[in-house]
Amino acid sequence: MKQKIPHPSTFINADDVITIRRAAPEAERMVRLHPSQLEIIYRQKWVKLLVPEVYGGLQITLPDLVRLQEAISWTDGSTGWVVTLCSGAGWFGGFLAEETAREVFKDKHVCLAGSGAPGGVAEITGNGYIINGKWRYASGVHHATHITANCVIKKDGETVLNGDGGPLILPFILDKKDVSILSAWKYVGMIATGSDSFEVVDLRVDNKRQFKIDQSPAVIGQPLYRYPFLQLAEATLAVNLSGIAIHFMDICEDIFNEKIKQPRITEDQKDFLFDELNRAKANMDKYRQAFFEAVDQSWTAIQNAHNIPGEILNEVSAASRKLARFSRESVDKLYPLCGLQAAGIETEINRAWRDLHTASQHTLLTFDS
């Protein structure tokens, strides 16, 4: 008999949960994470989860990572999202030149934010590049010490082509002081992520600020940095959604327990409420079980060989998308049963609903295949 996947609360300190949730309303008003939330993030080294050990990071295993990230997102959606995106950028430490990496990660409050879209142009110069551009959706940018940015590479005004004949796009790591933050996050959820835009104008950087996300010549040759970036991103984003959805279900249960005390609620209606909730919980357990098994299997594979078989990677992708889809669908099915409390913009359950429906718009998790 398979062991049941534990509730996310198993993987996070209960006192930290209380502090993070207590600060969440104020964090939304601030449009960025609250200092008390950041204190926990730095103390627990959550933004260093994927930073190589040789640079002071935790270099956590993927199975432990997805369980912890689900727990943080269960605690608070915006906190979980910032930790996921910023710790994910810390993974680039496995590909940076050693001199650059040691400079970047020496700060005990180091935090990398950025954008995966190629929003800028890097013109090749004699000893580096001149960068210009504007990038959107940089979660955690207000707390960042460094910024990552993808650029189209040009030389003498002409686009440099890659081996497939398309434009060559490479990532750069920039100092926070060299970018301008632009207020741009105007969406209903994930408000405290402060996922604003940033801009760079005629910035000169040397060659060591450019890196390649390529597992074969990774500077740090450990399994974590050989793991494919696509499945790493899919898996870590999926548990953000499942964590928020489980938080929503937990609050639903509290609401339903109060609702059934109302004299106008019939026995059939009481049964219906909890039948729907229990069905959602059981199915969530099923999808989480399949997801964690796929991730764990892929981690075992990368430890035992240089590459993960394609069918195992496909399982991770499929399980991630199915978990994300069910998280959305289950919350939408329960939402109408929660009454006006779920629609109140200052309630905890509404924040979870808004965060889930904003985070689920990420393109990596839009489709099942």
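Q: How many cavities of 30 Å³ or more does a search of the whole structure find?
A: That search turns up 2. Keep in mind that this is a predicted model: local features need pLDDT of at least 70, side-chain atom pairs count only at pLDDT 80 or more, and totals for chains, interfaces and linings use all residues. Residues are numbered from 1 along each chain as its sequence is written, and side-chain values use heavy atoms, with hydrogens and water left out.

Q: What makes a space a cavity, and what makes it a pocket?
A: Both are worked out on a 1 Å grid over the protein atoms alone: in a cavity a 1.4 Å probe fits but cannot get out, while a pocket is an open set of points with protein on both sides within 12 Å along at least five of seven lines. A residue counts as lining if it has an atom within 4 Å of a point.

Q: Which residues line the largest cavity, and how do you know its volume?
A: Grid points are joined across faces, edges and corners, and the volume is the space filled by probe spheres set on the points. For the largest cavity that comes to about 60 Å³. Its lining is Arg21, Ala24, Ser73, Trp74, Thr75, Asp76, Gly77, His247, Glu348, Arg351, Ala352 and Asp355. Helix H10 gives the most, with 4 residues.

Q: What makes a lining residue of the largest cavity nonpolar, polar or charged?
A: Ala, Val, Leu, Ile, Met, Phe, Trp, Tyr, Cys and Pro count as nonpolar, Asp, Glu, Lys and Arg as charged, and the others, Gly among them, as polar. Sorted like that, the lining divides into 3 nonpolar, 4 polar and 5 charged.

Q: What lines the second largest cavity?
A: Leu33, Leu38, Ile41, Tyr42, Val47, Val82, Cys111 and His143 do. By class, that is 7 nonpolar, 1 polar and no charged. The space itself is about 30 Å³, and helix H2 (residues 35-43) makes the largest share of the lining, 3 residues.

Q: What is the volume of the largest pocket, and what lies closest to its centre?
A: The volume is about 1100 Å³. Of its 43 lining residues, Leu85, Ser115, Gly116, Tyr137 and His362 are the closest to the centre. The lining has 25 nonpolar, 16 polar and 2 charged residues.

Q: How much space lies in the second largest pocket, and which residues line it?
A: About 190 Å³. The lining residues are Lys4, Ile5, His7, Pro8, Ile246, Met249, Asp250, Lys281, Met284, Asp285 and Arg288. They sort into 5 nonpolar, 1 polar and 5 charged.

Q: How do H4 and H7 run relative to each other, and why?
A: Their axes are 10 Å apart, at an angle of about 170°. Axes are lines fitted to C-alpha atoms, for helices over the stretch in contact, and angles run from 0 to 180 degrees between N-to-C directions. Under 35 degrees would be roughly parallel, over 145 roughly antiparallel, 65 to 115 roughly perpendicular, and the rest oblique. That angle is why H4 counts as roughly antiparallel to H7.

Q: What makes the contact of H4 with H7?
A: Contact means heavy atoms within 4.5 Å. Here it involves Gly77, Gly80, Trp81, Thr84 and Leu85 of H4, and Thr236, Leu237, Asn240 and Ile244 of H7.

Q: How do you know that E1 and E3 pair, and in which sense?
A: Two strands pair if DSSP finds at least two bridges between them. Strands (E, at least two residues) and helices (H or I, at least four) are DSSP runs, numbered from the N terminus. E1 and E3 have 8 bridges, so they meet the cut-off, and the sense is parallel.

Q: In which sense do E1 and E2 pair, and what joins them?
A: They pair in the antiparallel sense over 5 bridges, and a hairpin joins them through 3 residues. Alanine 122 stands opposite isoleucine 131 in E2.

Q: How many bridges join E6 to E7?
A: There are 3, and at least two are needed, so these antiparallel strands count as paired. Leucine 182 has serine 197 as its bridge partner in E7.
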